[in-house]
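Subject: Structure handover

Hello,

Here is the structure for your files. My notes on it follow below.

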Amino acid sequence: KRHPEWDAALANHFFGWPDELNEVQRGILFSLIPRYPNVPPVLDYLTSLMTSGHPKREQLALELISQSPGVPFREEWKPIFEAALSPSNTDETSRALAVKALSIAPEGAFYSTLETIATNPAHSYAVRLDAASALTRAKEPVSSGVFALFEEILLQSTEAEPRSRVIVMLTKGELSAAQRDHLANALPRFNPIEWSSFPDLFRRIDSAGQAELVMTALLASPAPASLDTETLRKRFSDFPETAKRLEEKLQELDVEKAGRGAKIDALIALMDGADPAAGEQVFASGKGACIACHHIGNLGGAVGPDLSTIGRIRTARDLYESILYPSESIARDFETFQVNVKSSENPIHIGLINSQSAAGLELIGLSGQRQTIPHEDVASIQRILVSIMPSGLAQTLSEEELRNLVAYLLSRK
């Protein structure tokens with residue numbers, strides 16, 4: 001716990017630092033400023049950088065702001081942002097930094113400029129999405145231009161990072177019926193992890209036609225095995241014919257559940273012909289989405305357990321159960337939690353608690369997005385007995401690919 005006089009003492013120390021900072025000084029700034037972004041001495045220090053007239057100090061301020069969620073925009077900062085966002089500015093680095101900073105500390109005076117940047121294909125997806133982030137506010141309409149960017153990424157991009165950012169912003173904003181129609185057409189391109197955001201993307205179904213589009217995509221995906229059945233029933237309750245298709249699928253899943261043990265026995269019986277080298281290729285290719293959350297060596301994500309030496313501690317049966325039915329056996333320290341916050345805009349957050357720091361809880365959401373929730377905003381935390389890893393991922397693999405993948409994981413010792 002910090003002493004109230006430490007803010008001023010630290011900030012006063014920062015004022016005396018030179019324009020050219022060494023790595024230790026930069027490390028201190030980027031460790032402390034984001035933790036206390038809204039206290040007056042820190043804001044005064046940021047303002048001193050922004051009004052210094054020195055390009056390196058101005059850039060440092062933009063970098064610090066872009067990593068400090070909760071920092072309030074100050075009027076004195078406007079000239080730097082105006083210069084960086086000007087069409088005459090040829091320095092793309094300063095423009096990108098300014099856009100990123102505004103995604104953290106939004107300012108209404110720049111919304112029109114940010115809309116222009118978000119809809120300009122000359123800029124990278126990263127810059128355009130930062131601009132869109134500054135424009136997308138909780139429970140407010142998503143502009144047609146920004147939505148067009150989101151739709152383009154969901155229909156054309158296969159990169160996990162921009163797709164995840166788009167889904168987070170879509171769940172945050174308020175979509176129109178027409179926008180949900182367009183979004184329904186993008187659902188066939190959703191991977192199993194992205195489908196976990198379905199209840200927040202479609203808080204309601206607007207028409208029978210939309211219901212059929214969504215249901216067709218849903219039934220062609222592995223999502224029904226992971227999503228809450230009562231939530232699904234509620235979404236389609238106004239459309240009897242579509243609801244009937246859902247019930248038929250849920251009955252199929254009940255039958256499948258009863259035969260799980262026999263299915264695993266059959267897969268184990270065929271393991272002698274499995275090819276670990278081919279399984280390594282399955283993992284590295286991203287098929288099955290393993291690589292999105294798990295890593296082996298330096299390859300892959302860091303959301304789920306490290307699989308580098310998984311063969312030392314798991315049998316073929318263990319691995320099949322974890323892949324096919326992840327909620328039946330959740331690894332320790334990878335439990336899913338519901339964090340209820342005091343904000344009325346978005347009171348419920350679900351995911352894996354990755355870490356805790358002075359800044360708050362870092363939560364990894366169901367689509368892989370990360371967010372920090374300040375401790376003072378947390379109302380309650382409760383464990384959910386469902387894995388953050390969706391069921392049905394294995395449906396994207398053939399039985400041969402699945403056997404080869406398990407053989408590869410068993411070889412990792």
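Please keep in mind that this is a predicted model. I start with a lysine: lysine 78 has a relative accessibility of 17% and therefore counts as buried, the cut-off for buried being under 20%. Lysine 78 is part of helix α5, which covers residues 78-85. Setting aside residues up to four places away in sequence, lysine 78 touches Phe73, Glu107, Ala109 and Phe110.

Next, the cysteines. How many disulfides does the structure hold? The count is 0. A disulfide is a covalent bond between the sulfur atoms of two cysteines. For cysteine 290, the closest cysteine sulfur belongs to cysteine 293 and is 9.2 Å away, so it is too far for a bond. The cut-off for a disulfide is a sulfur pair within 2.5 Å.

Cysteine 293 sits in helix α19, residues 290-293. Apart from neighbours within four places in sequence, cysteine 293 is in contact with Ile193, Gly301, Ala302, Val303 and Gly304. Proline 305 lies 12 residues from cysteine 293 in sequence, and the C-alpha to C-alpha separation of the two is 8.1 Å.

Regards

Terms used:
Residues are numbered from 1 along each chain as its sequence is written. This is a predicted model: local features need pLDDT of at least 70, side-chain atom pairs count only at pLDDT 80 or more; totals for chains, interfaces and linings use all residues. Side-chain values use heavy atoms; hydrogens and water are left out. Helices (H or I, at least four residues) and strands (E, at least two) are DSSP runs, numbered from the N terminus. Contact means heavy atoms within 4.5 Å. Buried means under 20% relative accessible area, exposed over 50%, partly exposed in between (1.4 Å probe, protein chains only).
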